[in-house]
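Open the structure in your viewer and keep the sequence panel beside it. This tour goes from stop to stop, with something to select at each one.

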Amino acid sequence: MTAPLDQVKIRQTRFKIGGMDCASCATKIDTAVRRLDGVADVSVSVTGASMTVSHGGALPEGRVLQQVARLGYGIVRAEAHVSPMLDKAHADYVHNDHEGHDHAIHDPDPDHGHSETGQAWWRSRRAVLTLACAAALLAAYGIGHLFPVAERGVFLAALLVGLVPIARRALMAALAGTPFSIEMLMTIAAIGAVMIGATEEAAAVVVLFLIGELLEGVAAGRARASIQGLADLVPKTGLVERAGGTSECPAEDLAVGDIILVRPGDRIPADGEIIEGASEIDEAPVTGESTPKRKGVADAVFAGTISIDGVLKVRVTAAASDNTIARIVRLVEEAHEAKAPTERFIDRFSRTYTPAVLAVGALVALLPPLLAGGDWNEWIYKGLAILLIGCPCALVISTPAAIAAGLATGARRGLLMKGGAVLEGFRRLTAVTFDKTGTLTAGKPVVTDIVAYGRDERTVLALAAALEQGSSHPLAMAILDRAKADKAPVPPALAAKAISGKGVEGSVGGVAVFLGSGQAAGERADMTQAQRLVVDSFNGQGKTVSVLVADGVVAGLIAMRDEPRPDAAAGIAALKAESIRAVMLTGDNRRTAQAIAASLGIEARAELLPQDKQRIVGELQREGFKVAKVGDGINDAPALAAADIGIAMGGGTDVALETADAAILHGRVMDIARMVKLSRAVMANIGQNITVALGLKAVFLVTTILGITGLWPAILADTGATVLVTANAMRLLRWRG
């Protein structure tokens, strides 16, 4: 007895789909595949040109291929390696069950260009069909002019060149569960026009429809190319060290643990960690950060970034399928499947809208002749024009085209949002809560002040760095980094040892030196009142102070603090300019929190546990705020989950890409405001698109009923609206924020 589907372990199979240019295409494919036995769920991504089928047990793959190919789309299984059994089943299916459709199955993108095959759009089957139909129409005009008696026949032949493929797609869609398709409206209108003697206009309408479809395909290809461009950043090969030598290896074959050699000017072929060498790294292709970063041993590097001036040896830390670029592309493709509320509304509206258009067209054609004695030919003509005006192409594509472009342009700038719902949600934000460490601040202390007594600052820094050599403590690293930056000499320290809870001591150049807390230093040297006041002042600014004692005398003070990110103050100001409240939530002590908050112009809540942060997010929501929480994706997990939008920043690539609702790849506070602005730009674009789509239809509906316009203007209105809407959405690809 077969187990119920919900008791069977659900598996997923992914396919690449060709010729799918708009949400209407996706809906037809979704409906057709969902009707198959064994299919639990279907998710179709227009921008990703893909379909994910969830199923229990074995998937009837041959039936899936057949169902999609019959609709006129190319389909191929996305996995590069499938089992021999599936390979055999696929082959049997192609040769025995689906003759005449082999081309559609094996060509993942038969209908538009710049696909996996690299074919230019003007060489695609859709372009060839459009050109053939247009050529036939021009030939019909010429023949009809020379031989008027043959005019109707040649226009009918020209019409059939384009109409037969359209009618076939309409029939297949109807059989697969989508009777009210765009192709069905076109087929009814063309056949009706022939029946009332408007064969010439019917042929012209079909050509215009095919041109509109071709333009949709080109626009969809551009949107996909913007994402595919990310994947193309990763070089195809890399130099790997194996068996004592260096050889070129395909990047996709690099395994975790491999050692790769990166020369100056090379793109890094894999995510990894530098084990030898140092170089300026241009991360602009991945993070959008325009300034190269100096990286050395133990620093992480991303696939697709460029080593500018140094030779590096890098240990691979992620396989090609799981590197930063691959995860970004995967996240964006999945994001397109998560529809925004506006997009879901348009989908529901269009499902009602198309049958309604058919009904209105029928009423316009029938009622005036039946009730008022109108001319049948005249009113049937007007009814057919209304069918063409009512084609929902522009309306259906108005929202997903803008959202796809918005998600793509955000991803290219390191602003990752998991779906249209998240993108749309950013425009509604009225409050943003920030973690402090690693979010508003850089996440590691730096030396902010050096005060010398009896020696110069450079000597104080050199003595302190001498004691801290070899230590991995964050404060020690801050002192060593400052000494390196200031090019201060670091002499050797003899008999250096750590004193638990107090500091470190040793001998430097024959001088007994101690570096530690103010309290511990006070046990070894007398601190003046002025020195204590300076220490208290630094502490009041949220800084940690290390006191240097040399030969029993206070020689200097070194103040350190985890400083705000360079753009933190500007980022907070940008949010306030958008009328968004900013709050810092931190577990740090109140004095440090207040000092950082004062420098940034943000209100602060300090000494909080994770559950306290979650509670405050809830309180803000109850006050009516739409709240985003920005954190590292781990410590702040409860608050990230409770917020309307959780944003991961600065906590590591894996966390940034796989937790929360959105992620900021290069850790800029300013990017929160940029996400809000991008969301508002996308929603404004959608509003413009819907206005154009419905406005043109309303105008031509009135002019058609009044007899001012006919079939040609009707299809021009639909095609024109589709082109305008798509072009307007593509403007978002040039958004700079």
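**Stop 1: a proline in a loop**

Select Pro 489. It sits in the loop that runs between helix 17 (474-485) and strand 17 (494-499). Keep in mind that this is a predicted model. Thr 459 and Pro 489 are 30 residues apart along the chain, and their C-alpha atoms are separated by 8.4 Å. Which residues does Pro 489 touch, leaving aside its neighbours within four places in sequence? Show Arg 458 and Ala 462: Pro 489 is in contact with both.

**Stop 2: the whole chain**

Zoom out and colour by secondary structure. The protein chain holds 26 helices and 26 strands. Of its 737 residues, 52% are buried. The accessible surface of the chain is about 31,400 Å², and carbon and sulfur atoms account for 58% of that. Contacts tell another part of the story. Among contacts with a separation of 6 or more, 68% are between residues 24 or more positions apart.

**Stop 3: a nonpolar patch**

Keep the surface on. Select Leu 363, Leu 366, Leu 367, Leu 370, Leu 371 and Trp 376. Together these residues make a nonpolar surface patch of about 620 Å². Which helix gives the most to the nonpolar patch? Helix 11 (residues 341-372) does, with five residues. Pick out Leu 367, which has its place in helix 11. Its relative accessible area is 37%, so Leu 367 is partly exposed.

**Stop 4: a leucine in helix 26**

Go to Leu 716, in helix 26 (residues 711-730). This leucine counts as partly exposed because its relative accessibility is 47%. Leu 716 and Ile 389 are 327 residues apart in sequence, but 8.7 Å apart in space, C-alpha to C-alpha. Then show Leu 208 and Ala 721. Leu 716 touches both, not counting residues up to four places away in sequence.

**Stop 5: rings**

How many aromatic pairs does the structure hold? It holds one. Select Tyr 141 and Phe 155 to see the pair, which is edge-to-face: 5.0 Å centre to centre, with 80° between the planes. Tyr 141 lies in helix 5 (residues 125-146) and Phe 155 in helix 6 (residues 151-175), so the pair ties together parts that are 14 residues apart in sequence. Is Phe 155 buried or exposed? Phe 155 counts as buried, because its relative accessibility is 2%. Tyr 141 counts as partly exposed, at 28%.

Next, look for charges over rings. Select Trp 379 and Lys 382. Lys 382 lies over the face of Trp 379, at 4.1 Å from the ring centre. Move on to Phe 514 and Arg 524. Here Arg 524 lies over the face of Phe 514, at 4.2 Å from the ring centre.

**Stop 6: salt bridges**

The count of salt bridges comes to 26. Three of them follow.

- Select Glu 183 and Arg 169. Their side chains meet in a salt bridge, at 2.8 Å from N to O. Glu 183 is in helix 7 (residues 182-195) and Arg 169 in helix 6, 14 residues apart, and the pair links distant parts of the chain. Both residues, Glu 183 and Arg 169, are buried.
- Select Glu 424 and Arg 427. The side chains of Glu 424 and Arg 427 meet in a salt bridge of 3.8 Å, N to O. Glu 424 has a relative accessible area of 2%, so it is buried. Arg 427 counts as partly exposed, because its relative accessibility is 32%.
- Select Arg 581 and Glu 603. Arg 581 forms a salt bridge with Glu 603, and their closest N and O atoms are 2.8 Å apart. Arg 581 lies in strand 22 (residues 581-585) and Glu 603 in strand 23 (residues 603-605), so the pair ties together parts 22 residues apart in sequence. Arg 581 counts as partly exposed at 25% relative accessibility, and Glu 603 counts as partly exposed at 32%.

Note on methods. Residues numbered from 1 in each chain as written. Predicted model: local features only at pLDDT ≥ 70, side-chain atom pairs only at ≥ 80, totals over all residues. Heavy atoms only, no water. Patch = residues over 30% accessible without salt bridge, like charges linked within 9 Å, V, L, I, M, F, W, Y side chains within 5 Å. Areas by Shrake-Rupley, 256 points an atom, 1.4 Å probe, with all protein chains shown as cover. Salt bridge = Lys/Arg side-chain N within 4 Å of Asp/Glu carboxyl O. Helix = DSSP H or I, 4+ residues; strand = E, 2+ residues; numbered from the N terminus. Buried < 20%, exposed > 50% of the residue type's maximum accessible area, 1.4 Å probe, protein only. Contact = heavy atoms within 4.5 Å. Phe/Tyr/Trp six-rings, centres within 6.5 Å; stacked < 30°, edge-to-face > 60°. Lys NZ or Arg CZ within 6 Å of the ring centre and 35° of its normal.
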